[in-house]
Amino acid sequence: MTVQQLYVTLLVGGLVLLFSIAATRLATIAGLPSLLLFLGVGVLIGEDGVGLQFDDAQLAQALGTAALGIILVEGGLTTRFSDIRDVIAPAGVLATAGVAISTGITAIGAHLLLGLDWQLSLLLGAIVSSTDAAAVFSVLRVVPLPRRVSGLLEAESGFNDAPAIILVLLFSTTPLDLSPGEIAFTLVYELGVGIAIGLVCGFVGAAGLRRIALPASGLYPLATFGLALLAFAAGGTLHASGFIAAYLSALVLANSGLPHRSAIRSFAEGSGWLAQIGLFVLLGLLVSPDELPRDLVPALVVGLILLLLGRPVSVVLSLFRFRVPWRDQVFISWAGLRGAVPIVLATYPVVEGVPGSERLLNIVFILVVVFTLLQGPGLRTVAGRLGLISPDATREIMVESAPLDVLEAELLTMTVSPGSSLRNVTVLELRLPDPSVITLIIREARPFVPQPETRIQIGDELLIVTTSKTREAAERRLRAVSRRGRLAHWFGEYGLPD
């Protein structure tokens, strides 16, 4: 690649990225899962749209696997262990036994109704059996569900990619001649070693980061993310499950009391969004739209089998020992969202050369698009009809989710450093320009809402809400008082930047 070709590639990539980010905002307003718009961008710039040619299934598999690893790391780093502590056991059963049950039911239906041979039927069942982490993390976190339900769905989506991928790789063996013992041994080895690697990397990494003072705060998100990716790569290198290793190591790191937690979370969310955008656009490029109509009916048949039979039966059989309320089970059955994972998994048998596997990619693509449109936008309605959303919870979410850009406001943070003249200045004496206000002070790890007579102390972290128009004036006032105290203007100090 020449330098000029590099510039053109970066130009196209930047435009696609910005367009996809804008599409994310539109999808949020419309109540649609953003993954559909990302897939649409890929189809739009593909061979039947702008004309960009891409049909390398092996490259798509490699890049897709890496992107899934990043998405799972992001999911682990943004999950609070307290939200999933009580549901780890049922989530683990759903992610293993539930995947196996869903695979079997879907495979039987595909074989009997579509006439697919047993290998393709088993592959199709395994490919669509797991819920998608990216879809679940992006959709469910904006629905005010009870913690027991959202935690169970998030934990399941973080755990179940690994068993599904193992089954797909096993069923991609040509010729298909596997004994139940071989399947059981492979599952136990890959999951067991993957879990061990994830826990070791998480606990050892957390212990190291707590004891090592890095020279810049921006290195902590990189180090944390790097440790989780190390677990992902180590698992894959040892032919274990890198996916479960990545998720568990990130989960441990996120809940170990590491410094700069908010920066780590923000970096993880940004990386996760970048991986999602790249992954879905890539998968949209891989599909040929002119080949999709012939597989529309098979995709709808398989999707209905999964939605109406495979998923509900797997949920009921997996959770019957855990006394999960029937309303929760109904919602969990409906909320089994599919996304990028099935499309990526559909490339595995293609790369392995399984006869007839090219058709699976089109079936899975149609299934994901159609049933994400069917299930995703209605999640809030279904949860409300089942009584899982109380009016108070809805009002709370509506207040918390009000974006600052809609209010034309900005959130500033400032830490009062040693030697600052802000010490002992009251909030009233600070006289920030209207409508700027100190909304919260964090002192010795304890947050509280300040009163006008509250005195600022060294080490305090101030959270200030201001408007875009008054931000500069607020910053100048903070600098002025920090330099010369409450009477800064009397001394000719107006907080101009150095």
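Predicted model: local features only at pLDDT ≥ 70, side-chain atom pairs only at ≥ 80, totals over all residues.
**Entry 1: helix 6 and helix 9**

I looked up how helix 6, residues 118-127, sits against helix 9, residues 161-171. The two pack at an angle of about 165°. Their axes are 9 Å apart. Angles over 145 degrees count as roughly antiparallel, and helix 6 and helix 9 are therefore roughly antiparallel to each other. I also noted the handedness: helix 6 passes helix 9 in a left-handed crossing.

Next I listed who makes the contact. From helix 6 I have Gln119, Leu122, Leu123, Ala126 and Ile127. Helix 9 answers with Ala164, Leu167, Val168 and Phe171. I then sorted these contact residues by type. I got 8 nonpolar, 1 polar and no charged.

I turned to the second largest pocket. Its volume is about 700 Å³. I found 26 residues lining this pocket. Closest to its centre are Gly13, Gly278, Val281, Leu282 and Leu285.

Which elements give two or more residues to the lining? I wrote down helix 1 (3-30), helix 3 (57-77) and helix 13 (261-286). Helix 13 gives the most, with 9 residues.

The contact of helix 6 with helix 9 has no charged residue either.

How values were computed: Residues numbered from 1 in each chain as written. Heavy atoms only, no water. Axes fitted to C-alpha atoms, helices over the stretch in contact; angles between N-to-C directions. Helix = DSSP H or I, 4+ residues; strand = E, 2+ residues; numbered from the N terminus. Parallel < 35°, antiparallel > 145°, perpendicular 65-115°, else oblique. Left-handed = near helix turned anticlockwise from the far one by under 90°. Contact = heavy atoms within 4.5 Å. Nonpolar A, V, L, I, M, F, W, Y, C, P; charged D, E, K, R; others polar. 1 Å grid on protein atoms, 1.4 Å probe; cavity = no way out; pocket = protein on both sides within 12 Å on 5 of 7 lines; lining within 4 Å. Points joined across faces, edges and corners; volume = space filled by probe spheres on them.
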